[in-house]
Amino acid sequence: MKALLARFPIAYKLFAASTVFSAPITLLLIFVVAQFNSGIHTARMEFEGTLRLEPLHRIAADLRLHQRLSYLRLKGDTRGETQREEAARRIDQALAGAGVPDLAARWRQLRAAPPAAPAENEAAHRQLSAAVAQLAREQGNASALVLDPELASYYLGQLVVVLLPQAQETIADGQLLANQAALDQRLTAREAVRFVVYADALDSNWLPEVREAGETSLRAAGSQGAGRSLKLNVAPLLSRYQTELAGYAEAMRGASAADVSGAGARAAQAGDELWSTSVAELRSLLEARISHLSWMRSGALLLGLLAMLVAGTVQTLVSFSISRPLGEVVSLAADVAAGRLKAARARLQNQTVREMLAFHGARDEMYLVVRAISDMTANLDTLLAQVGRAGGQVALSATRIAAAVRQMEGTVSEQAASTNQVNATSKEIFASVQELARTMAQVSRVALEATASASGGISNLDQIHSTMRSLLAAGEALSATLDTVAEKARNVDEVITAITRVANRTNLLSLNAAIEAERAGDSAGGFSVVAIEIRRLADQTAVAALDIEKLVQEMQGAVREGVAGVDRYTAGMRASSGAVDALSEGLGLVIDKTRNLGPAFETVNQGMQLQSQGAGQIAESMTHLRDAAQQTRESLAEFRSVAEHLHEAVDGLVAEVGRFSE
Amino acid sequence: MLLLVFQAGNQRFGIDTAEVIEVAPPLVCRTLPRAPAYVAGLAAYRGETVPVIDVSALLTGTSAPLLMSTRLVLVRYGDRILGLLAERAVETAACSEADLQAMPVRVEAAPYLGPVLVNGAGMIQKITVAGLLPAAVREMLFPAGGAA
């Protein structure tokens, strides 16, 4: 369902929704109009029914007249012959256009063969009258006059279709009986009883019913238009009819034929007038209803269509007000998403969007969305400018770091060269010390020999003398060698100073690298670690250099002691030599002197040992130093690779930012 | 935050590396006559004449000894550059703002004393470069509206 909805634009969906809503409204409108139409149709049918009732009513009246006059003619009274013929002609004419062939045929038969006996005449006319009454009732039923939905016209219809014709029938029966009584010149008991029966029927049956129906109709009728006319016209006739009917019933109870005849004619006439007026008023009621219903129908139709038109217009306007800015927003968002910021800015300058942005206080979501996108584009611009600047800064830092790394590599190479130099120098020192040790061993051996020789006796004095000289020469050689050692140690000192300077330089460079890395921020996280590592190695180098310096100083001290020892030894030798030369001091002194040489040799030997140890330690320190240099070089290689990565990352960032500024 | 740590007397101080341009070996300064004792003078840094302050002299009253570990720290001072002669400026200390503890006391005469970082090696007090120079000295070294 969601997927299906997503396939259509919002305008289509709005249109579909309004169509769906308009369907039941249209249906309701059709129902309402149909309801009105049905009311109008019923009223029209009733109207036509009243038109058809009129000739039937006249036929019934004429038939009653014709029956009475035919009866008089049979009894030999021909005074009403012309009147009878006129009534017969009227019936002919009425039946000819009424479209009731069965009734017309029976009437023609009655006309062609008039009955000879009064009883036959009465039966034939009664049959016809009953048929006409039946026809009138059927007409009333068929045209729904007796089923009218409104109270006033319902009771009026009842009066016109059912009550008044039957009352008229009863009045006519009374008149016929009065005619018979007048012709016979006497009133039989049977006739007197029938008068009373008719009077009772009128009094207690038709009079209350007519009154009831007429008054209900008048009460129910409105006070405007057709209702007002009904009240004005029908009310006096109804009261007159009641009076006449009551008078007629009284006359019949009085059983005076002449009175009955006159009152009957008046009552019949009042009934006729009441009927005609009632029919006319019924028609005007129906007409008023038809026009009212037609007006209502037009009103409902017009109102419904107008409502739908207004709804349609509003829907179209709303649809436009959504779809047009939405299109702009979609294009804008697409531009921003694709990085075409320039196009998006141009789009923000067009008429529709400018108007939307200029309208402050809008609560329409479309306006808010456009404003949000405008702000977003502006912020994105600022952000991109900032990122571009930051990228440039980082690139600068990366370049500086790379330069620092190159510089550092140079100093480390320098340091390595210095280290090698120190190594060579310390090897030379070691060799010198070895040589010294050998010389010392030689001296020792010679001294032992000298002691032996001294112990040997004065005979060996010459030999001792020459030995003394060689000893003196060896002491001088020893002194010269020690000088060389002191010289070498000074060289070592200079190299150490160079190493310390390099370590200091490395420390300085690593400090600056750490500062640059901090400035480059998180993207250079690897740098600071490497910078700290290099600084640690530089510190180690400095410590090692300090150690070497201390050792060299110790070694120099030892050499100085050695020189002093050798000097003492040489002085002793000279003294011995003098003693030997003099020989006056005696051999014992010589031997003592020679014995004194032992501790001096011991001191020299210890010095030698110290020197040897010092040289070994220097070699060890040099190895450490070389390892440190190697590690420094590796760290630098790593540093450079990190710097290259940073450069690549910055290039990527700048390219990405550049893509947005199209 | 990364602090460049240095020493003055036997106390350790730190400068935020964000304010540092470069750490350089000490340069020969041309002294300024009649300037306060802690103004070491003027130095030429990358073709620019930069005033140099002896931080040891400023903080302890004793000038920084000319050792290998005594260095010239070039910092941003507003839009200008100021050189600081700092003793034993050989290491850095990384920390976050939260590690710094505000000074419980305030020394009116030394507005540059910032919060203190306590780490394994003891206390490091942060120095705020902006508050380093009293108004009179600042006016002397960076005269407003002056050249450059």
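In the predicted model, the interface between the two chains involves 15 residues of chain A, which are in contact with 18 residues of chain B. About 1,300 Å² is buried between chain A and chain B, and carbon and sulfur atoms contribute 55% of this area. On the side of chain A, the greatest losses of area to chain B fall on A:L508, A:L511 and A:I515, which together account for 35% of what that side buries. Helix 13 of chain A (residues 461–520) supplies the largest share of the side that touches chain B, namely 13 residues. By class, this side of chain A consists of four nonpolar, four polar and seven charged residues.

Chain B contains two helices and nine strands, arranged along the sequence in the pattern β-β-β-β-β-α-β-β-β-β-α. The radius of gyration of chain B is 15 Å, close to the 15 Å given by the globule rule for 148 residues, so chain B is as compact as a globular protein of that length. The C-alpha trace of chain B spans about 45 × 35 × 25 Å along its principal axes. Of the 148 residues in chain B, 47% are buried. Among the contacts in chain B between residues at least 6 apart in sequence, 53% join residues at least 24 apart.

Backbone geometry was examined at two arginines of chain B. Most residues other than glycine have a negative phi. B:R34, however, has a positive phi near 65°. B:R34 is placed in the loop between strand 3 (20–24) and strand 4 (39–45) of chain B, and is exposed, with a relative accessible area of 87%. B:R46 likewise has a positive phi, of about 50°, although it is not a glycine. The loop between strand 4 and strand 5 (48–54) of chain B holds B:R46, which is exposed at a relative accessible area of 66%.

Over all chains, the whole structure contains 23 salt bridges. One of them joins the side chains of A:R345 and A:D381, at 2.6 Å from N to O. This pair links distant parts of the chain, with A:R345 in helix 10 (residues 341–348) and A:D381 in helix 12 (residues 365–456) of chain A, 36 residues apart. A:R345 is partly exposed at 32% relative accessibility, as is A:D381 at 28%. A salt bridge also connects A:E516 with A:R400, whose closest N and O atoms are 2.9 Å apart. Here the partners are 116 residues apart, A:E516 lying in helix 13 and A:R400 in helix 12 of chain A. A:E516 is buried, with 7% relative accessibility, while A:R400 is partly exposed at 40%.

In chain B, B:E108 forms a salt bridge with B:R106, the closest N and O atoms being 3.4 Å apart; both residues are exposed. In chain A, salt bridges with shared partners join A:R73, A:E81, A:R84, A:E85, A:D92 and A:R111 into one network.

A further pairing within chain A involves A:M296, located in helix 9 (residues 257–338). A:M296 and A:V33 are 263 residues apart in sequence, and their C-alpha atoms are 9.0 Å apart in space. The relative accessible area of A:M296 is 33%, which places this residue among those counted as partly exposed.

Methods: Residues numbered from 1 in each chain as written. Chains lettered and ligands numbered in written order. Predicted model: local features only at pLDDT ≥ 70, side-chain atom pairs only at ≥ 80, totals over all residues. Heavy atoms only, no water. Contact = heavy atoms within 4.5 Å. Buried area = accessible area lost by both parts, 1.4 Å probe. Helix = DSSP H or I, 4+ residues; strand = E, 2+ residues; numbered from the N terminus. Nonpolar A, V, L, I, M, F, W, Y, C, P; charged D, E, K, R; others polar. Rg over C-alpha atoms; globule rule 2.2 N^0.38 Å. Buried < 20%, exposed > 50% of the residue type's maximum accessible area, 1.4 Å probe, protein only. Salt bridge = Lys/Arg side-chain N within 4 Å of Asp/Glu carboxyl O.
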